[in-house]
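Here are my notes on the model you sent over. Have it open while you read, and go through the points in order.

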Amino acid sequence: IRKEMPKGFLWGASTSAYQVEGAAEEDGKKLSQMDVLNRGTGFADASVASDHYHRYKEDIALMKECGFTAYRFSFSWSRIFPDGVGEANPKGLEFYDNLVDELVKNGIRPVPTIYHYDMPMALVEKYDGWVSRQSVDDFVAYGEFLIRRYGDRIKDWLIINEQSIIVEFWKKKNYVPEKYHGDPQVKFQINHHMNLGQAKLSKRIHELVEGGRSGAAIGYSPVYGLDSTPKNMLAMLNAEDLKNHFFLDIYFKGKYPAGAFRYLEEHGMAPVMEAGDMDIIREGKLDFLGVNYYASKCVRFPDADKNELTEAKSNLSGRKGAMGAYEVMPDFYQYMKNPNADTNDWDWTIDPTGMQYLLRDIYERYEIPMIITENGLGARDVLEDGKVHDDYRIDYWSRHLQAIHRAIELGVDVRGFLPWSFVDVLSTSNGYQKRYGLVYVNRDDEDIKDLARIPKDSFYWYQKVIATNGAH
Ligand code: BGP
């Protein structure tokens, strides 16, 4: 990128437990909701994934070879507490003990996520998972166990991954029983329970971990108005409030944005709260933000003939322009294709300018340190003569890194870059057809092959970027 990053800038990459580990029912682990939801999608399931559970040493050796100074992974709740609560599973703990030890031994800072979509199925069966308020206490107990066990070595904790996406795709990122499917209020209720769990845990991090800092990784898409017509500019403000500030205001101001919350009340979608909930949220503000940025979004004010509640459906086919459905919030906003932006095959915009835009915007509004916890390009990589020539990904990351650098020059506090993903992982929506890794994993959805690790061209490029702290 030819621009040096500030001293001490962290370099590495990210994964999440169910997308990389495999061993979904091994050594005492029981199924999580993602293990179950993934089955029957027509893509690979999580039972083997990238087999990191058995190959973590080899994987960490590759991280070291690339020059990583940090690695983001997530703990699997149902590997540690197979039934969600109760006795911890010694074998599960052993895996994470070994993983953390091996990282530390290799000079790589572990950056953990406590929850990355994978609620234990046992709790879904017991009380419908996050739909029930009981999930708050069980989540806090699980998280507290982790911070007590690893808090001596791990100071920075990402608590929940992508609440924004969990709300947007609430039936795909949660196992939600059928009886709730017609009621969109449920997604905001789930989100409220997550807010409470995260805030309580943030407070525990401050109390129990010396020098501990709490954070969350947010799936963040800056929202652009289609054009400068006043109504479309208003739709942009509405969407920013409900899709972005709705989460970050909770994290850093301890409140819901008033306008978006009132809108939900008017439409019968606001979460039910108990007295004292907002105190819990205020007392559990977060210290830093992990930013997951892939794509920017575009909105307009809903057309009269499209003005009804519609949920987003992703483009699963990987054919440009085959978007399932764009989200509509009546009288508020309507998502749409940005006529001025390039996209990948799954209709995700490729917009490095959006990276500078969001970093500056978030920093001015909340003045918090940030770390990029995901950024990447999903593509159909091709293995040819033992090599993967992913110059498109190098181009994508170079341009995003330049945007990050510019934001830093303009005063934004960005402390590291942990793109998605380290090795190829099970895509949450497209199995192994859509890949993100620096390292190719030799398998297809159907055919698991030998799971060999093959560094892509982007790996060798990234190695130089890290060695020069960005000056390559
Ligand atoms: C983010 C998730 C990741 C990851 C990524 C790519 O939303 O935090 O878990 O999967 O998106 O998305 P996908 O796998 O759908 O291509």
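1. Ala13 stands opposite Tyr71 in β2. The two strands here, β1 and β2, pair in the parallel sense over three bridges; pairing takes at least two DSSP bridges between the strands. Strands are DSSP runs (E, at least two residues), numbered from the N terminus, and helices are runs of H or I of at least four residues.

2. Before going further: this is a predicted model, where local features need pLDDT of at least 70, side-chain atom pairs count only at pLDDT 80 or more, and totals for chains, interfaces and linings use all residues. Residue numbers start from 1 along each chain as its sequence is written.

3. Ala70 stands opposite Arg109 in β3. Is β2 itself buried or exposed? Five of the five residues of β2 (residues 70-74) are buried, so the strand is largely enclosed by the rest of the structure. Buried means 20 or more other C-beta atoms within 10 Å of the residue's own, exposed means 12 or fewer, and partly exposed is in between, with C-beta atoms placed from the backbone. Ala70, Arg72 and Ser74 point one way from β2, while Tyr71 and Phe73 point the other way. In a regular strand, side chains alternate between the two faces of the sheet.

4. Zooming out, eight strands close into a barrel with parallel pairing, in the order β1-β2-β3-β4-β5-β7-β11-β12. From one strand to the next the twist averages 30°, an angle between N-to-C directions (0 to 180 degrees) of axes fitted to C-alpha atoms. Strand β1 (residues 10-14) also pairs with strand β12 (residues 414-417), in the parallel sense over two bridges. There, Trp11 stands opposite Phe417.

5. Now for Glu374, in strand β11 (residues 370-374). UniProt lists Glu374 for "active site", in an unreviewed entry; such annotations may be inferred rather than shown by experiment. Glu374 is buried, with 25 other C-beta atoms within 10 Å. Leaving aside neighbours within four places in sequence, Glu374 is in contact (C-beta atoms, placed from the backbone, within 7 Å) with Ser14, Ala217, Asn292, Pro419 and Trp420.

6. For contrast, look at Leu410, in the loop between α14 (391-409) and β12. Leu410 and Ile362 are 48 residues apart in sequence and 13 Å apart in space, C-alpha to C-alpha.

Technical notes. Two residues are in contact if their C-beta atoms, placed from the backbone, lie within 7 Å.
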